[in-house]
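Please keep the sequence and the model at hand while reading.

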Amino acid sequence: MNLRKLADKQNIFLLLLLVMVIAGKLIPYQESYHQIFNLEQFIDWGIAGIFLLYGLKLNLKEVLKDVSNWKLHLLVQAGTFILFPALVLVFYPIFKDSPYLQSWLSVYFLACLPSTVSSSVVMVSIAKGNVTSAIFNASISGLIGIIMTPLLMGFFLNAQAAENHQAEIIQQLLLKVLLPIILGILLNPIFKNWVTKYSKIIAEFDRLIILLIVYESFSKAFIENIFSTVPSLVFVVITLAAVALFFIVYEILKRISLRLGFSREDVITTTFCGSKKSLVHGSLFVMILGIPEEQKVLFLLPIMIYHSFQLFYVSALANKIAKSKI
């Protein structure tokens with residue numbers, strides 16, 4: 001696999017995300033279009049399909065080969081699901097009684113997401129880190145996130161969940177996330193060769209669903225003029241918060257891994273995997289967790305900003321690290 005080409009594909013994907021936002025403004029998807037093509041229904045099936053394919057791709061035997069490197073794995077997952085949310089929770093008392101609570105919650109949602117899979121492995125490989133451990137952590141993070149992200153968000157979405165029928169939200173998680181993944185893992189031995197053969201097409205399907213989610217969400221936002229209710233300062237603060245989160249987490253994980261005596265390769269893997277967030281999971285959970293329609297774009301913004309930044313900056317950082325010492 002040509003890792004440089006894969007990194008370039010990620011950059012093209014970022015441009016397509018921007019195109020979807022512009023398309024949402026210029027040619028928004030109207031409810032009347034359902035008669036021709038029901039986009040919402042297609043996205044619903046697509047979400048289940050992504051998690052089914054995730055289970056099919058997940059070779060547990062290969063992943064568990066690296067379980068002995070437990071200190072690294074523990075640190076990466078602690079960074080992803082403890083350090084990230086804790087850094088945002090510190091600011092909760094400031095925002096809890098303010099009109100900016102939803103903006104804070106959107107950044108907290110970003111902090112609760114699992115690590116991304118493909119770009120973590122690609123960047124670690126470019127930087128000459130421990131690729132085996134990167135694969136382990138990226139895979140395990142996605143599985144842990146299925147439980148941890150709804151759990152961490154549940155503390156703040158309970159009131160909304162009551163309005164949106166909490167039982168229905170749990171049902172959505174079971175039918176669209178857990179069941180497809182379990183089914184995929186069970187079918188992995190049968191379809192392993194098929195998944196390997198068509199891995200490129202599968203990756204493109206993942207991206208297609210994310211692009212459609214972004215297009216649909218921004219279409220509704222522009223139709224309902226939601227952006228007029230969000231001050232420009234909020235966008236600036238969200239951007240700064242997302243970028244600051246990356247640097248703080250990256251530096252903390254780097255210092256801890258060096259103090260623990262990790263090898264150069266393991267330090268690279270810890271910092272790269274522990275500081276990543278998944279746009280795939282973020283886009284899917286926005287649709288599943290009962291977040292009100294008028295707030296979905298606000299929740300998507302930090303993820304898109306973070307995803308764009310981590311790809312552009314970390315790809316440059318990976319090349320720099322590959323040519324020098326940490």
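## Buried residues of α11

In this predicted model, helix α11 has a set of buried residues: V234, I238, A242, L245, F246, V249, Y250, L253 and S257. The elements that cover them include α4 (70-89), α6 (101-111), α12 (264-274) and α14 (296-322).

## Extent of α11

Helix α11 spans residues 232-259, 28 residues in total. From its first C-alpha to its last, α11 reaches 41 Å, close to the 40 Å expected at 1.5 Å a residue. Just after the helix, G261 takes a positive phi of about 80 degrees.

## Packing of α4 against α11

One of the elements covering α11 is α4. The axes of α4 and α11 lie 11 Å apart, and the two helices pack at an angle of about 135 degrees.

On the α4 side, the contact is made by L75, G79, L83, F84, L87 and V88. On the α11 side, L245, I248, V249, I252, L253, I256 and S257 take part. By class, the contact of α4 with α11 has eleven nonpolar residues, two polar ones and no charged ones.

## The chain as a whole

The protein chain has 14 helices and zero strands. Of its 326 residues, 51% count as buried. Among contacts in the chain with a separation of 6 or more, 87% join residues 24 or more positions apart.

Methods:
Residues are numbered from 1 along each chain as its sequence is written. This is a predicted model: local features need pLDDT of at least 70, side-chain atom pairs count only at pLDDT 80 or more; totals for chains, interfaces and linings use all residues. Side-chain values use heavy atoms; hydrogens and water are left out. Helices (H or I, at least four residues) and strands (E, at least two) are DSSP runs, numbered from the N terminus. The expected span of a helix is 1.5 Å times one less than its number of residues. Buried means under 20% relative accessible area, exposed over 50%, partly exposed in between (1.4 Å probe, protein chains only). Contact means heavy atoms within 4.5 Å. Axes are lines fitted to C-alpha atoms, for helices over the stretch in contact, and angles run from 0 to 180 degrees between N-to-C directions. Ala, Val, Leu, Ile, Met, Phe, Trp, Tyr, Cys and Pro count as nonpolar, Asp, Glu, Lys and Arg as charged, and the others, Gly among them, as polar.
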